[in-house]
Amino acid sequence: MTFRSDVGLVRAVDALSLYVNPGETLAIVGESGSGKSVTALAIMGLIGDSGRVERGKIVFENRDLLKTDEAGMRAIRGDRMAMIFQEPMSSLNPVLTIGKQVAEPIVQHRNASWPDALEQAGELLAKVAIPDALSRLGDYPHHFSGGMRQRVMIAMALACRPKLIIADEPTTALDVTVQAQILALLKELTHETDAALILITHDLGVVARYADRVMVMYAGRVVETASARALYANPQHPYTQGLMDSIPGVDGRVGARLITIDGQPPDLANLPPGCPFAPRCQYVADVCRAQQPELETVAVEHLRACFGYE
Amino acid sequence: MSEATASSASFTSKPAIQTSPFVAFNLRLFREKPLGAIGGAIFLFFLFCGVFADVLAPYGVNETDMVARLQAPSWEHWFGTDHLGRDVLSRVLIGAQLSMTVGFLAAGLATVVSIVLGIASGYFGGKVDMFIQRFVDAWMIFPDLLLLIAVVSVVGAGIPQIVIVLGLLYGIAGSRIVRGSVITVKENMHTHAAQSMGARTMHILVRHILPNIMPVVIVLFTVRVGATILTEAALSFLGLGIPPPTPAWGGMLSGTGRTYMYLGPWLALAPGLCLTIVVYSINVYGDALRDLLDPRMRGSR
């Protein structure tokens, strides 16, 4: 997947392959600019004018989304798949009531009448644990706190019972206590409707608790993918290991320095020839600087893109 | 007083709605923006006068009374009479009708033009934006009044011409302002969120873009009403607007107003004051409306 930019074509995501099963939660982890959000937007078909998926397939419910026209995509978006964004404070239209915004997709995709849709919106709001939901349908977004707004966004995303929900850092803007509530809610509701959930995050704590499978991205490439349990027990890629080590633990010594990964992620417009992580890798060998490692199976359902290091 | 407590508590609980939204809104206008409310009231008064001018005018517009020439304001003639013995109050009333017609029609046209061009330019961007904006640039080279005078001298003076030319003039210039706020709103997350929910482009424009630029549009409209009334007066003052004997305020100022200024100052004062007050009141009202209609400013001062 490439983007046009001032410095030429930027390959934001390369050789990416992923799948999610119904009812499953896949976490995509990586730092800023690693291609997580862009991957999500590509699935939704929303990468905009400057970006383009060069090659590949995105198959959803036996349809190749890259071959689906805009009208077809519109019919799918919000109905079969929905997205939750990271900024609940600005993701709601300030001049429309909460009820209207939640009811909107129902009216559009289900051809429901407004009163019916509003009634369903009330039920949805109650489902996302908004107290006194029915009486709040006429409220505007500014009457709601950040956590409440994210609940509304979830209600909106769930309105048509989509089979795939993509949550792009849904809790970044929220308080820690609210984060846990929101994620638990999201998880519970996706289980209930047997929807697949793609959770995009850079918070490994979130991953450990809520994800079934994890995909670690670095510089637009997948470096490791495994079940959440296996990844935590036995991280195979030096980058993943670095990420794990850099989580400050409660058992750490007071005053101990935080462990970090030295250096900066590479410039996507100007990637080094070998492994993109090579310049920062403590186990780097000559082969890493010359060749790009492919994803290889290291255990059951556990893949990594790395040459050596054990 | 129960209104005040309801609105201050609206962050945590739903404000109780007992009165109609329209009444509630006007109460709020009066409470929070008294100056704006007064402006609105004054403007409404003039609007009322304009609409019912034919009924309200105590004398015929062009009814002359050679005996009662250049009389000072009195109980028979509230605003006095002019050199032909015509009642100035009646003429000012009909002038209000004229000003309001031109003001509303031209500002309405200008607003529609601004919205269409601004949204097309701001939302679709790219080549469309480029094309429209270069056209606007080119258009804005012409001084307003010059263009008006040119058009009037070609097709002759009259309300339709003036409305169309003023509407296009202000509409094209105002599209810049609309475009700017469209670009801001377009990049708001909720527009993207709506796309991710499968909303159609038209739907996004109508439900997400348009309502969020309304504060700008309303102020633009009200300022335009004032500006077009002023420009029409300027044209009539120059003798290029509505031709006499139709009593346009600008024409009254330059005609009888200027000629008989020392003999009958009321001849200039009446239309001049009306013009000033109308333009001022609509501007103040527009400002207050802008502040109140923006839901983000609800509950905050």
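Tutor: Helices (H or I, at least four residues) and strands (E, at least two) are DSSP runs, numbered from the N terminus. This is a predicted model, in which local features need pLDDT of at least 70, side-chain atom pairs count only at pLDDT 80 or more, and totals for chains, interfaces and linings use all residues. Residues are numbered from 1 along each chain as its sequence is written, while chains are lettered from A and ligands numbered from 1 in the order in which they are written.

Student: What pattern does chain B follow along the sequence?

Tutor: Chain B has 12 helices and zero strands. Read along the sequence, its pattern is therefore α-α-α-α-α-α-α-α-α-α-α-α.

Student: What percentage of the residues in chain B is buried?

Tutor: A residue is buried if 20 or more other C-beta atoms, placed from the backbone, lie within 10 Å of its own, exposed if 12 or fewer, and partly exposed in between. Chain B has 301 residues, and the buried share of them is 41%.

Student: Is helix 7 of chain B roughly parallel or roughly antiparallel to helix 8 of chain B?

Tutor: Helix 7 (residues 144–155) and helix 8 (residues 159–186) of chain B have axes 10 Å apart and pack at an angle of about 150°. Axes are lines fitted to C-alpha atoms, for helices over the stretch in contact, and angles run from 0 to 180 degrees between N-to-C directions. Angles under 35 degrees count as roughly parallel, over 145 as roughly antiparallel, 65 to 115 as roughly perpendicular and the rest as oblique. Helix 7 of chain B is therefore, relative to helix 8 of chain B, roughly antiparallel.

Student: Which residues of helix 8 of chain B meet helix 7 of chain B?

Tutor: Two residues are in contact if their C-beta atoms, placed from the backbone, lie within 7 Å. From helix 7 of chain B come B:Asp144, B:Leu147, B:Leu148, B:Val151, B:Val152 and B:Val155, and they meet, in helix 8 of chain B, B:Gln161, B:Val165 and B:Leu169.

Student: How does helix 5 of chain B lie relative to helix 6 of chain B?

Tutor: The axes of helix 5 (residues 88–124) and helix 6 (residues 126–140) of chain B come within 7 Å and cross at roughly 140°. That angle makes helix 5 of chain B, relative to helix 6 of chain B, oblique.

Student: Which element of chain A gives the largest share of the side that touches chain B?

Tutor: The contact takes 31 residues from chain A and 21 residues from chain B. Helix 2 (70–76), strand 7 (81–84) and helix 3 (98–110) of chain A each give two or more residues to the side of chain A that touches chain B. The largest share, four residues, comes from helix 3 of chain A.

Student: Is A:Asp194 buried or exposed?

Tutor: A:Asp194 lies in the loop between helix 6 and strand 9 (196–201) of chain A. Its phi is positive, about 60°, although A:Asp194 is not a glycine. Because A:Asp194 has 12 C-beta neighbours inside 10 Å, A:Asp194 counts as exposed.
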